[in-house]
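Let's take a walk through a protein model together. Have a look at the sequence and the structure first, then read on.

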Amino acid sequence: MRTKSLKKNKINVITLGCSKNVYDSEVLMGQLRANGKEVTHEATKDEGNIIVINTCGFIDNAKAESVNMILEYADKKDKGLVDKVFVTGCLSERYRPDLEKEIPNVDQYFGTTELPQLLKALGADYKHELLGERLTTTPKNYAYLKIAEGCDRPCSFCAIPLMRGSHVSQPIEKLVKEAQGLAKNGVKELILIAQDLTYYGLDLYKKRNLAELLEALAAVEGIEWIRLHYAYPTGFPMDVLELMKREPKICNYIDIPLQHISDSILKSMRRGTTQAKTTQLLKDFRAAVPGMAIRTTLIVGYPGETQEDFEILKDFVQEMKFDRMGCFAYSHEENTHAYLLEDNVPDDVKQARANEIMELQSQISWDLNQEKVGQVFRCIIDRKEGAHFVGRTEFDSPDVDNEVLIDASKHYVKTGEFVNIKIIEATEFDLYGEPA
């Protein structure tokens, strides 16, 4: 039996899944640091003797990644390479009894709302006065701002309400205070995230209040870009578009996951909309804010999706020419409404359809990017990587969208700053530029 190490405990937080998990990890790390704990994020060298894995339980691939990470660290614990392993997040919320049974070597499992209990297990107290303070893990110039938790939508395929609960908006004054703290630390871009931005404020203010929140955030000194992620199409507050057009701080960008467009699939998905309504909404977006970038996400291979449904979706993608897109093969999730349906599209067909959609999008992206050659864009420089400085236009979000690459052997630009960049070349998903 090995003896307990006498070294000072160091906590390594590992984050899997979406930007909402990144935010939760940052809050956890802020609390640990305030308690005097040594904490690191995803360290590989000298990685810490206490591990906290913040898991994702959204779809099969994400679940597999989370389980593999837990197994890897349970094995390291067996070998004496780490002392303790704790698991939190969506997978743990959704499958805790199964995980405790299958991987008992983890010290403790926690759900998505058990931050105080997790802190206690790590020898720390939950400090209420730290409201909104966190240890950011993103480059210094941008940060995620989670404006709401949970979701009240009834989408048939989605397990998020099972893991994150009902929609709860954060008060405007709390979010402004958090934004002010981030701005003081050098953050220039806020990326607003929630399961559903469209619903923001209905629970607190009895009306959709996203525009009012945006006005308040735009008034925060030091914040120069505000970006909107994950807006639901049904009931979208159109006053947001008027504000986007007149307020330069709000990026002409929106992430609006549509999931499908065939009316029969939309009905089965319980999306509360139709092809005609969705098409009109997108036309209204583009009329209100000419030149805005629209990002969407689609699901193929949903139960009952016929070749005809898929052709309707392809035609829609061709017609709408989305600036950015992600496409997922449907994942059959237990305890969701769609789980009652037969998962009758074979996996190879699902994947072939996803590939076909992304191939279409690749050509659309190529065409749109060629139009940018010769133009000058205000870019934020996120980092230096290899031989290039890497930046983004206001039409691009970190990690998921196009990047602007600047040859570091020829030009110097300062990371974390805005620079005007002339685009000199473009591929499907990257722009190449030089300071204008």
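Which residues does Cys56 touch, not counting residues up to four places away in sequence? Cys56 touches Leu16, Gly17, Asn21, Ala62, Lys63, Ser66, Cys90 and Leu91, where touching means heavy atoms within 4.5 Å.

Before going further, a word on what you're looking at. This is a predicted model, where local features need pLDDT of at least 70, side-chain atom pairs count only at pLDDT 80 or more, and totals for chains, interfaces and linings use all residues. Residues are numbered from 1 along each chain as its sequence is written, and side-chain values use heavy atoms, with hydrogens and water left out.

**The cysteines**

Back to Cys56: you'll find this residue in the loop between strand E3 (50-55) and helix H2 (60-78). Helices (H or I, at least four residues) and strands (E, at least two) are DSSP runs, numbered from the N terminus. Cys18 sits in another loop, the one between strand E1 (10-15) and helix H1 (19-34). UniProt, in an unreviewed entry, puts a "binding site" at Cys18, Cys56 and Cys90. They are spread over 73 residues of sequence, yet they cluster in space, with a largest C-alpha distance of 10.6 Å. Keep in mind that UniProt annotations may be inferred rather than shown by experiment.

How many disulfides does a search of the whole structure find? It finds zero, counting a disulfide as a pair of cysteine sulfur atoms within 2.5 Å. The sulfur of Cys18 is 6.2 Å from the closest cysteine sulfur, in Cys56, which is too far for a bond. For Cys327, the closest cysteine sulfur is in Cys158, 16 Å away, and that's too far for a bond as well.

How open are these residues? The table uses relative accessible area: buried is under 20%, exposed is over 50%, and partly exposed is in between (1.4 Å probe, protein chains only).

| Residue | Relative accessible area | Class |
|---|---|---|
| Cys18 | 31% | partly exposed |
| Cys56 | 11% | buried |
| Cys327 | 15% | buried |
| Arg270 | 36% | partly exposed |
| Asp399 | 68% | exposed |

**Two positive phi angles**

Most residues other than glycine have a negative phi, and most peptide bonds are trans. Arg270 has a positive phi, near 60 degrees, and lies in the loop between helix H10 (263-269) and H11. Asp399 isn't a glycine either, but its phi is about 75 degrees; this residue is in the loop between strand E15 (388-392) and strand E16 (403-407).

**Helix H11**

H11 (residues 275-288) has 14 residues and reaches 20 Å from its first C-alpha to its last, close to the 20 Å expected at 1.5 Å a residue. That expected span is 1.5 Å times one less than the number of residues. Its buried residues are Thr278, Thr279, Leu281, Leu282 and Phe285. They cover an arc of only 155 degrees around the axis, so they sit on the same side of H11. The arc is taken from the directions from the helix axis to the C-beta atoms. The face turned away from the buried side carries the exposed residues Ala276, Lys277 and Ala287. What covers the buried residues of H11 includes helix H9 (239-246) and strand E12 (293-300).

**A stretch from the record**

UniProt's unreviewed entry also places "domain: TRAM" at residues 370-436. This span is 1% helix and 52% strand, and its end C-alpha atoms lie 18 Å apart.
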